Amino acid sequence: RSVVVIWLRVRATWSAGGLALLGVAAALMAMVREQDAFFVVGPAVDFVRTQLTTRDAAWGRRWGHAVVGAAAAALAFLPQALAYLALNGRIGPSRLVARKMTWTAPHALDVLASPSHGLFWWTPLALLALAGLVVIWRRLPRDHRVIAGGLGLMAALQVYVAGSVESWTV
């Protein structure tokens, strides 16, 4: 949640401090739950879209700010990276965890629609929220569509990762 709030506040200017804060928040999320690193995709796509559609005097400066944000994320994630190296001999979760992944996401539909564990069965409000993103995408101004698209992409990546875990029902 904090990454989304920071994203929505920083996107007006893409300042160095805002992107550094966004990077730190993203790193902290990834330290708690590795797949939460995918939440950075929404702000990243929005930033790139801004850069592709806005050619102004601040264009190059914003890229520099993005580098600051990435460096802040790397610095904040450094303790976790060092712990991974000490525990696993590599940066990333244990091979026991990695071995449980099938990257074709064979359970993605189950994550959403399984009557026993699916998101829409257990949390029907999530279906309404998804419908709301579609409404925003179709009816509101372009700036809101970019946010809705980023949020939709973030949700889709979470479904993809959860559907890639062999023990997805846990």
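**Group meeting: how the helices pack**

Okay, let's start with Leu22, which touches Val3, Ile6, Trp7, Val10 and Pro43, leaving out residues up to four places away in sequence; contact here means heavy atoms within 4.5 Å. Keep in mind that this is a predicted model, where local features need pLDDT of at least 70, side-chain atom pairs count only at pLDDT 80 or more, and totals for chains, interfaces and linings use all residues. Residues are numbered from 1 along each chain as its sequence is written, and side-chain values use heavy atoms, with hydrogens and water left out.

So what about the core? The largest nonpolar core has 13 residues, and Val3, Trp7, Trp14, Leu19 and Leu22 touch the most other members. By nonpolar core I mean buried Ala, Val, Leu, Ile, Met, Phe, Trp, Tyr and Cys residues joined through side-chain atoms within 4.5 Å, with buried meaning under 20% relative accessible area (1.4 Å probe, protein chains only). H1, H2 and helix H9 (142–164) each give two or more residues to this core; helices are DSSP runs of H or I, at least four residues, numbered from the N terminus. H2 has the largest share, five residues. There's also a second, separate core of five residues, including Ala105 and Val159.

Now, Gln51. Is Gln51 buried or exposed? Gln51 sits in helix H3 (residues 41–53), and because its relative accessibility is 1%, Gln51 counts as buried. Leaving out residues up to four places away in sequence, Gln51 touches Trp59, Arg62 and Trp63.

Methods: Buried < 20%, exposed > 50% of the residue type's maximum accessible area, 1.4 Å probe, protein only.
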